[in-house]
Amino acid sequence: MKVIKGLAGASGYAAGHAVVFSRTVIPTDKKKIEDPEAEITALESARSRYVRSLGLLAERARREHGEQEAAIFEAYREIASDDVFFDEIKEKIRTERVDASWAIEQKRSETESVLDGLDDPYLKTRKDDINNVCREVTAELQGAGAADPIAEAGGDDLIVFAEDLTPADTVRLDRARLKGMVTEKGGVTSHTVILAKLLGIPAIVGTGPMLSEVQNGDEVLADGGSGTVVLSPDAAGRQGFLAKQKKAGLRESLYAECRAKPARTRDGFSVRVDVNSGDKESIETFNADECDGVGLFRTEFLYMGQKDYPSEEFQFEVYRGMAEKAGGKELIIRTLDIGGDKQLDYMDLPKESNPFLGFRAIRICLSRPELFQTQLRAILRAGVYGNVKIMFPMIVNLEELLQAKSQLEAAKRELDGRQIAYRRDIPVGIMVETPAAVLLSDILAKHVSFFSIGSNDLIQYTTATDRMNEKVQYLYDSCNLSVLRSIRMVCRNAHANGVQVGICGETASEPRLIPLWCALGVDELSVAPPLVGRTKYIVGQVSKKEMEERTEKLLASGSIPEAKQELSGILGELGL
Ligand SMILES: C=C(OP(=O)(O)O)C(=O)O
């Protein structure tokens, strides 16, 4: 029996057999060629096959999962379609009369050195993408592209072990037989993890070197929730694992029973459990009977995958459709939150060295009134068809909020002038996702009807930790007491002013934190749709009164490990 520890990527239990995925080795031996033009033609046709296959994968990801997943392939397609990058490779083939695989490898390694030398975490993360594209174009060139990495393996309970998996690898894997993924590289926000979550299978990533210890066909037990993999387990290990797997299955059915019921703590405090939405798939599968509304409707997808700005009419139809689907339940539409890690070609945004602190979200909207007004009119009009609310992201001072509200008034005047129906008294709220908004929450609360805490960004900005940077993920911690105390401050200031407060970042559904949210009186938790049942179930196990005192103690402790220990103790007491 051998235990491998990695990062908890996607949770879940899987028992099966190992299949080791070893990638086509990029040749390092230089070959002289006679006919550079023929070599270039072969390269170009491999590249265009690869670009085409990425287009198909993007379409499939969009259809089956959504815009966010499709964007992974679009990013690869962008690199593979970069003529400047490939022109330099062709130039090498011509002038040095070397084979295309060698020329690609040279260019790849030059680019890697340049990116390594830059002090820009975003560009550094692009390094992996560039490496993968180069590797896949080479594989295509050598006739090894587009293969399902586990096609040859027998059995239908396969757990794939790899150094790393590209998004394309992940999608090509035979889903019917794939039960789990284990990779040496990658962090908890890697593409592998995102795709594993979508497929509903466990993923353990960032294990460090381990492939040499795994053989095809080895018996494997994988626990994605704890990031643990057991190879060739003994009888006791197998039994313990199967018992845990069974318990998890029973819990799943309890969660499913809670989905359509209101969530209330044991002592009667109600918490709305909404869903996050914002891509085609989540709109299509949205079921208002299984949640209390939409707590975060991301609108970026309407702007992505387009050649130009989406029109008012186009946006209105989407918002209206969702408002109607939500029935009388709330639909909180967040205005465009582009910039940072999300870029759009046609917007011609400047390349920045620090995009998360740069020109993004409300900053862009306030500086481009026409863009903002178009969206505001579409949302106001959709307000006639349901319980629509409007939410501004990335607010850092009162002036921004007042400017955004004055833009909203201007949008109303425009609709009045055009005699188009809209919801005049639409509730206005903000995302609280910056320390500035937290510290000003007593003032901001006087100008809004709700807050929604964007904890994904709030953790990043409070702890000064880039949420995309693997190297500092150990600091990106939802249990950092500065974050938890910030959330307490926001709740207090909201409630003192009669303002509702929700959480729409990933922490909203983090089991160990849900008792804390109840204690702080969070009115609404907005979570990924599959997590509604679990979130409601946990709320139902908590006594708000009992948790209040413990929460105060915990927030006073100052020690993250102590706080975590207390939180997992509480979960244990709740039988979770
Ligand atoms: C929900 C949030 O926003 P984003 O869409 O940036 O994850 C957040 O920051 O918590």
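The model is predicted, so local features need pLDDT of at least 70 and side-chain atom pairs count only at pLDDT 80 or more, while totals for chains, interfaces and linings use all residues.

**Stop 1: the ligand.** Select the ligand and show Leu296, Arg298, Asp337, Glu433, Gly454, Ser455, Asn456, Asp457, Cys504 and Gly505, which surround it (a residue is near a molecule if its C-beta atom, placed from the backbone, lies within 6 Å of it). Colour this shell by class and you will find two nonpolar, four polar and four charged residues; Cys counts as nonpolar here and Gly as polar. Next, colour by domain: domain 3 (251-263 + 431-575) and domain 4 (272-426) each supply at least three residues of the shell, with bounds from an automatic or database domain assignment. Helix α17 (residues 455-462) gives the most, with three residues (helices are DSSP runs of H or I, at least four residues, and strands runs of E, at least two, numbered from the N terminus).

Stop 2: Glu433 sits in the loop between β14 (428-432) and α15 (435-439), whereas Asp457 belongs to helix α17. Glu433 counts as buried because 27 other C-beta atoms lie within 10 Å (20 or more means buried, 12 or fewer exposed, in between partly exposed, with C-beta atoms placed from the backbone).

Stop 3: Another "binding site" annotation in the unreviewed UniProt entry includes Arg334 and Arg467. Which is buried, and which partly exposed? Arg334, in strand β12 (residues 330-334), is buried, with 26 other C-beta atoms within 10 Å. Arg467 has 17 C-beta neighbours inside 10 Å, so it counts as partly exposed. Leaving aside neighbours within four places in sequence, Arg467 touches Asn456, Gln460 and Tyr476 (contact means C-beta atoms, placed from the backbone, within 7 Å).

**Stop 4: the core.** Finish at Ile430 and Phe451, which touch the most other members of the 91-residue largest nonpolar core (buried Ala, Val, Leu, Ile, Met, Phe, Trp, Tyr and Cys residues joined through C-beta atoms within 7 Å). Domain 3 and domain 4 both give residues to this core, so it lies between them.

Terms used: Residues are numbered from 1 along each chain as its sequence is written. UniProt positions are given in the numbering used here, feature names are shortened, and annotations may be inferred rather than shown by experiment. Two residues are in contact if their C-beta atoms, placed from the backbone, lie within 7 Å.
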